[in-house]
Amino acid sequence: MVRNTRVEALDHTPRPLILVDNEHAAGQIIPPHAHRRGQLLYGAFGAVVVTAEARTWFVPPGCGMWI
């Protein structure tokens, strides 16, 4: 089972930091979108490819990137 909590459901929580833990199937593509807060993207298992503003980043397993 793949878990996917929508950030929008928690985004207005009156705290400086929130945590959302999601699992995505291999090869899943998430459509372009935006968030109100900055995000730390971390892939515990498997690599993540991020494309934004005509640039692409490869995030290897166990590493993260600030978005």
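These are my notebook entries on a few places I looked up in this predicted model.

**Entry 1: confidence**

The mean pLDDT of the protein is 84, and 96% of its residues reach at least 70. I keep one caution in mind: where pLDDT is low, the predicted coordinates should not be read in detail.

**Entry 2: Arg37**

I looked up Arg37, which sits in the segment before strand 1. What does its side chain reach? I found the backbone oxygen of Arg15 at 3.0 Å. A polar atom of the Arg37 side chain also lies 2.7 Å from the backbone oxygen of Thr13. Setting aside neighbours within four places in sequence, I listed the contacts of Arg37 as Leu10, Asp11, His12, Thr13, Arg15, Pro16, Leu17 and Ile18.

**Entry 3: Thr51**

Next I went to strand 2, residues 48-52, which holds Thr51. Is Thr51 buried or exposed? Its relative accessible area is 57%, so I count Thr51 as exposed, the cut-off being over 50%. The side chain of Thr51 makes a polar contact with the side chain of Thr56, at 3.3 Å. I also checked Thr51 against Leu40, which is 11 residues away along the chain. Their C-alpha atoms are separated by 15 Å.

**Entry 4: Glu53 and Ala54**

I moved on to the loop between strand 2 and strand 3, where I found Glu53. Ala54 is in the loop between strand 2 and strand 3 as well. I looked at the backbone angles here. Glu53 has a phi near 50 degrees, a positive value in a residue other than glycine. For Ala54, also not a glycine, phi is positive at about 65 degrees. I then looked up exposure. Glu53 has a relative accessible area of 80% and is exposed. Ala54 is exposed too, at 83%.

**Entry 5: Pro61**

Where does Pro61 lie? I placed Pro61 in the loop between strand 3 and strand 4, the latter being residues 64-66. Its relative accessible area is 46%, so Pro61 is partly exposed, falling between the cut-offs of 20% and 50%. Beyond the neighbours within four places in sequence, Pro61 is in contact with Gly43, Ala44, Phe45, Gly46 and Ala47. I also took the distance from Pro61 to Glu8, 53 residues apart in sequence. From C-alpha to C-alpha, that distance is 26 Å.

**Entry 6: the largest pocket**

Last, I looked up the largest pocket, with a volume of about 2200 Å³. How many residues line the largest pocket, and which lie nearest its centre? I noted 48 lining residues, with His24, Ile30, Gln39, Leu41 and Ile67 nearest the centre. Strand 1, strand 2, strand 3 and strand 4 are the elements that each give two or more residues to the lining. Strand 2 gives the largest share, five residues. By kind, I have 27 nonpolar, 13 polar and eight charged residues in the lining of the largest pocket.

Terms used. Residues are numbered from 1 along each chain as its sequence is written. Side-chain values use heavy atoms; hydrogens and water are left out. pLDDT is the predictor's confidence in each residue, from 0 to 100. Helices (H or I, at least four residues) and strands (E, at least two) are DSSP runs, numbered from the N terminus. Buried means under 20% relative accessible area, exposed over 50%, partly exposed in between (1.4 Å probe, protein chains only). Contact means heavy atoms within 4.5 Å. A polar contact is a pair of N or O atoms within 3.5 Å; within protein, one must be able to donate a hydrogen and the other to accept it, and residues adjacent in sequence count only if both atoms are side-chain atoms. On a 1 Å grid over the protein atoms alone, a cavity is a set of points where a 1.4 Å probe fits but cannot get out, and a pocket is an open set with protein on both sides within 12 Å along at least five of seven lines; lining residues have an atom within 4 Å of a point. Grid points are joined across faces, edges and corners, and a volume is the space filled by probe spheres set on the points. Ala, Val, Leu, Ile, Met, Phe, Trp, Tyr, Cys and Pro count as nonpolar, Asp, Glu, Lys and Arg as charged, and the others, Gly among them, as polar.
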